[in-house]
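Me: I would like to learn how to read helix packing and a nonpolar core in a model. Please take me through an example.

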Amino acid sequence: MTDEEWMAIALELAQAAGEAGEVPVGAILVRDGEIVGRGANAPIARHDPGAHAEMLALRDAAARLGNYRLPGTTLYVTLEPCAMCAGAILHARVARVVYGAADPKTGAAGSVINLFAESRLNHHATVEGGVSGQACGHLLSRFFASRRQKHALPERSTDAPD
């Protein structure tokens, strides 16, 4: 399968997260052409600030494979990982990270900082961003536009006397 085909699966997980009221981010972990871990954002539902899609995919894979080290794997995630997720990815020894949309506010793969390029760290993963980036970004944009619309204050009527 191509990176775009794997990302399409992560996008399905992101869509499900958005439908559940979570920020729509999805992730899968692949090894030898097989999905070994899946995750969709769930910090609200789980009452867990660490329940990001990447973290849940890593936990799922570690449980399935019986090892907290995940060498030879590729993580596909719809949004650039944050610092927390980047740290977990590096500790798990993930070989490659492929993400969709860049995150200019908290991205730790080059948008704000690049933990993957930090030479002082003892493990490095290769990173490719922008894979299906438009589709991933559109899903996030629609989600946040919908949230803003739901929480917008009603317009003040100009018919009422002052």
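Me: How are α1 and α5 oriented to each other, roughly parallel or roughly antiparallel?

Reply: Two packed helices are described by the angle between their axes and by the distance between those axes. In this predicted model, the axes of α1 and α5 cross at roughly 5° and come within 11 Å. Angles under 35 degrees count as roughly parallel, and α1 and α5 are therefore roughly parallel to each other.

Me: Which residues make the contact of α1 with α5?

Reply: From α1 come Met 7, Leu 11, Ala 14, Gln 15 and Gly 18, and from α5 come Ala 135, Cys 136, Leu 139, Arg 142 and Phe 143. They divide into seven nonpolar, two polar and one charged.

Me: At what angle do α3 and α4 pack?

Reply: Helix α3 (residues 53-65) and helix α4 (residues 83-91) pack at about 25°, their axes 9 Å apart. These two are therefore also roughly parallel to each other, and α3 passes α4 in a left-handed crossing. Glu 54, Met 55 and Leu 58 of α3 meet Met 84, Cys 85, Ala 88 and Ile 89 of α4. Six of these contact residues are nonpolar, none is polar and one is charged.

Me: Which residues of the largest nonpolar core touch the most other members?

Reply: In soluble globular proteins, nonpolar side chains tend to be buried together. Here the largest nonpolar core has 44 residues, and Ile 28, Leu 29, Leu 58, Leu 75, Val 94 and Phe 116 touch the most other members. The elements that each supply at least two residues include α3, α4 and α5, while the largest share, seven residues, comes from α1.

Definitions and conventions:
Residues numbered from 1 in each chain as written. Predicted model: local features only at pLDDT ≥ 70, side-chain atom pairs only at ≥ 80, totals over all residues. Heavy atoms only, no water. Axes fitted to C-alpha atoms, helices over the stretch in contact; angles between N-to-C directions. Helix = DSSP H or I, 4+ residues; strand = E, 2+ residues; numbered from the N terminus. Parallel < 35°, antiparallel > 145°, perpendicular 65-115°, else oblique. Left-handed = near helix turned anticlockwise from the far one by under 90°. Contact = heavy atoms within 4.5 Å. Nonpolar A, V, L, I, M, F, W, Y, C, P; charged D, E, K, R; others polar. Core = buried A, V, L, I, M, F, W, Y, C linked by side-chain atoms within 4.5 Å. Buried < 20%, exposed > 50% of the residue type's maximum accessible area, 1.4 Å probe, protein only.
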